[in-house]
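Look at the model below. This report walks through its chains, its contacts and a few helices.

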Amino acid sequence: MNIPYTVEERPDTGLANGKLGIWLFLASEVMLFGALFSSYVLLRVGAAEWPHRELSVPLGTINTIILISSSVTMVMAWASLKMGNWAKHRLYLIGTFILAGIFLVNKYFEYAEHFSKGETPAHSTFFALYFTLTGLHGLHILCGMVVMLYFIGPGAKLWKSNPEQFTNRIEYTGLYWHFVDLVWIFLFPVLYLL
Amino acid sequence: MHSDPAAVKKSVRSYMIVFVSLMVFTVITVAVSGLHLAVPIAITVALVIAATKGSMVAGVFMHLSHEKQWIYGALLLTVLFFIVLMFVPLFTVMDGTGTPGQAVGVAVAEPR
Amino acid sequence: MDQAGTFDAVAHGHSHEHAHHEELSFIRKYIFSVDHKVIGIWYVITGLLFLLFGFTLMMIMRYQIAYPGSPIPLIGNLFGPDKAPSGIMLPEFYNQLGAMHGTIMVFLGVVPLAVGGFGNFVMPLQIGAPDMAFPKLNMMSYWVYFVGGVTMLASFFQTGGAAQSGWTSYPPLAVISNGQTMWLVGMIFLITSSLLGSINFIVTIVQLRAKGLSFMRLPFFVWAQFVTSFLLLLAFPPLEAAGVLQLMDRVAGTSFFMPSGLVVSGKALTISGGGNPLLWQHLFWFLAHPEVYVLILPAMGIVAEVLANNTRKPLWGYKAMVYSIGFLGFMSFIVWAHHMFMTGMGTTMSAFFQTTTMIISIPSVVILTALLLSLWGASIRFTTPMLFALAFLPMFGIGGLTGLPLGLAPSDIHLHDTYYVIGHFHYVVAPGTIFALFAGVYYWFPKATGRMMNNALGKIHFWGSFICINVVFMPMFIQGLAGMNRRMYDGGAQYAHNQVILGSLFGIPISPVKLNIVIGFAAWGLGLFQIPFIINFFASIKGGKAVGKNPWDATTLEWSAPSPPGHGNFLTEPIVYRAPYEYSVPGAAKDFTPQFEPEGK
């Protein structure tokens, strides 16, 4: 049994099912991170004093650059498929995966540094928010990496049997990945700079 | 389908432009934070820069600048409720009209 | 327009697959099925079981409320000394039963049944789709819900018992008391399940409508599910975030919701402090208000379908109903703090929320009025589903009207957290939504099984439930006005300051507190009257009268599929030619003209 518009677009909406699906998912993610940002706002406004520059700006900046770069490699991974270049696609997808991994490694070192100084989530509301926001974000990076690994590994077979569907799936993965980058673009100044 | 290979090649150029812009804005936002501006101004500038970066990622990388109506509609609703979630709890907690003493939930030297 | 390969030429009408289809194993076909109908039935059965369980918890509580401090008869000694020594319920156990009753009914019972069950089974059929847009995701949604449900149930067995801070889980109490951790973990599973489901529903409705099925030709039930899914999609994530935050407060020692300077049992808490309990309330109610519309919207959808079918007339004001339900969904996101009038907010914000709350009653009234007006000049068939659907109308009316004094802050000061609130919301959910869900079961049972449920048992189920449920909930308004607080181990007696509110009837003083005994008996009676339903449900699967595609002479697309539909649902591509409720069209041969019947027939 075939579900219509899995690959081809429905004429009146101009969408394939997965495209609408991933955007709706991202909408729910906006509300998820939104709630956390809202918590940050409420708790910061209600606090008598708020820590300033507790986090390593250099490390945060490097991670920002890494994540933005991974966003570029991700969109190039999709664009390569549209231009029919399988080898370039592999390069860019694996590159995105590696950059994501480096981001997480950096975060590991950051966390370890804070823990060694006793700056745990229980230490203050600032650190509670920092660890929760970046932790949830990091979990999203991890999930993204799992999906990328699938498309680097067993999922790559789909390129042979249904290149259009495979391309779409990479596009949807990219949309998710750009969103993760977008959240970090806001997280970085809010937590590290302000 | 989405776009033909020739159109995609053009997009690659815009991806690179956005990439460079994002890097530049990142440097700017870090540099500005080093100026230690007054808190309200610092917040405004940081958020404006972040919003600019975010719009580029959304518009170009996520192709949002030429998406379909349904996507725009869903996102419009989301943005509206996001704004509600951001500001209304804050207003509720800061609003002291008609209550004795200070507003509840806002930092005060002496809780009333 | 040719949708290549959409409809299997060999789609069967029988429930058993024949050999030339891929033979799926029993597990793939019935347990881990990706077919929306199988998944829908799983949701229905699981949801009904949880409803029964949640109701049982309340029936036990009602004994303590009616006879505070008395040993519970028959089963009292089964709970063990930590919950009910010598059969007498401990206050902690009372709170567990209360918190879990609410949680189970809302999140494990009604929503999975209304959305997961009816939505899954009926919606794809009503839009002419072969299945949901993402069948595997659909299956995952069910099993994640199942895991969440098991987690919630298992929480009863941990040391210290289950969650006991209400279904609202307010900190600081929820953070320091027992049982909340598993509740929070369970909630995270349930929310995830809902989110995945809502994405599936929206994409399916937008993308998989049959040829000719424009949005304004959709059955109202589909509109209801569509708006409901947007509510779930956008309102649930903040509660998921809040759940994570509360979980961290409990296990990671954070203070998101814990203010500084808390003293518990004489000892200062060693936490970093600086948190805000109101933050939880905002995040919780940001979801929980849209959640109550999630509870009612599918029910309105079901009632609309059953009413149109059994009045043999089109629904009155279809367009008004559609615009109203959309407006209702939108407004539901900006009324939430009417649950928080007592938290010390200033009059500006209080006025804002009172205003939006009053405005949101308008679309509700429009929909209810349209449904009522649909009865005018109708040839009413008093089938069992119709009885439940008709009862919904005044019941929802009472529930809605009693919400008004709660939505206005000055009156809410007296009524907040009293039995008046319990009466209000139960009227909307119990004789409201649950009656609509029963209507749905009786109505679509023949589509799902190919057999009718027994009418006589259905009528007993209806009348017994209708009478008992009103005796349970109507007195609660009196009790609330008398000041009886909710969630009290003594049934609210200690705050019943206004005992003389009812005065006396024929010289006999009526004590609001004593009404608890009446309510208790009515509740147990209500329980007994579910037995005919349970028997009917299971016996009719094999023993009910066998019927064909369209036993109710209905007009919507699901009645063009076989009963039950096979894999792929429709034998030929469904095409829609007209609006959904073309009953009694002047000049037509029969009193109904289905959507799927070609022109000039």
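How many helices and strands does chain A have? The secondary structure of chain A comes to 6 helices and 0 strands. Here helices (H or I, at least four residues) and strands (E, at least two) are DSSP runs, numbered from the N terminus.

This is a predicted model: local features need pLDDT of at least 70, side-chain atom pairs count only at pLDDT 80 or more, and totals for chains, interfaces and linings use all residues. Residues are numbered from 1 along each chain as its sequence is written, while chains are lettered from A and ligands numbered from 1 in the order in which they are written.

## Chains A and B

From the N terminus on, chain A reads α-α-α-α-α-α. Its C-alpha trace spans about 60 × 35 × 25 Å along the principal axes. Chain B has 3 helices and 0 strands. Along the sequence, chain B follows the pattern α-α-α.

The table uses two terms. A residue is buried if 20 or more other C-beta atoms lie within 10 Å of its own, exposed if 12 or fewer, and partly exposed in between, with C-beta atoms placed from the backbone. Two residues are in contact if their C-beta atoms, placed from the backbone, lie within 7 Å.

| Item | Value |
|---|---|
| Buried share of the 194 residues in chain A | 50% |
| Buried share of the 112 residues in chain B | 27% |
| Chain A: share of contacts between residues at least 6 apart in sequence that join residues at least 24 apart | 76% |
| Chain B: share of contacts with a separation of 6 or more that join residues 24 or more positions apart | 38% |

## Where chain B meets chain A

The contact takes 40 residues from chain B and 42 residues from chain A. Helix 1 (5–34), helix 2 (39–61) and helix 3 (69–94) of chain B each supply at least two residues of the side that touches chain A. Which helix of chain B gives the most to that side? Helix 1 of chain B does, with 13 residues. By class, this side of chain B has 30 nonpolar, 7 polar and 3 charged residues. For these classes, Ala, Val, Leu, Ile, Met, Phe, Trp, Tyr, Cys and Pro count as nonpolar, Asp, Glu, Lys and Arg as charged, and the others, Gly among them, as polar.

Now take helix 2 of chain B. It has 23 residues and reaches 32 Å from its first C-alpha to its last, close to the 33 Å expected at 1.5 Å a residue. The expected span is 1.5 Å times one less than the number of residues. Among the buried residues of helix 2 of chain B are B:Ile49, B:Lys53, B:Met56 and B:Phe61. What covers the buried residues includes helix 2 (57–82) and helix 6 (163–193) of chain A, together with helix 1 of chain B. Helix 2 of chain B is followed by B:His63, whose phi is positive, near 60°.

## Where chain C meets chain A

Here 38 residues of chain C are in contact with 31 residues of chain A. Helix 6 (180–207), helix 7 (220–251) and helix 8 (277–311) of chain C each supply at least two residues of the side that touches chain A. Helix 7 of chain C gives the most, with 10 residues. By class, this side of chain C has 22 nonpolar, 13 polar and 3 charged residues.

One helix pair spans the two chains. The axes of helix 1 (residues 17–45) of chain A and helix 7 of chain C come within 8 Å and cross at roughly 45°. Axes are lines fitted to C-alpha atoms, for helices over the stretch in contact, and angles run from 0 to 180 degrees between N-to-C directions. Helix 1 of chain A and helix 7 of chain C are therefore oblique to each other. Angles under 35 degrees count as roughly parallel, over 145 as roughly antiparallel, 65 to 115 as roughly perpendicular and the rest as oblique. Contact residues include A:Leu24, A:Met31 and A:Ser39 of helix 1 of chain A, and C:Leu233, C:Pro237 and C:Glu240 of helix 7 of chain C. By class, this helix contact has 13 nonpolar, 2 polar and 1 charged residues.

## Inside chain C

Helix 2 (residues 36–66) and helix 15 (residues 515–528) of chain C pack at an angle of about 155°, with their axes 9 Å apart. That makes helix 2 of chain C roughly antiparallel to helix 15 of chain C. Contact residues include C:Phe55 and C:Arg62 of helix 2, and C:Gly520 and C:Trp524 of helix 15.
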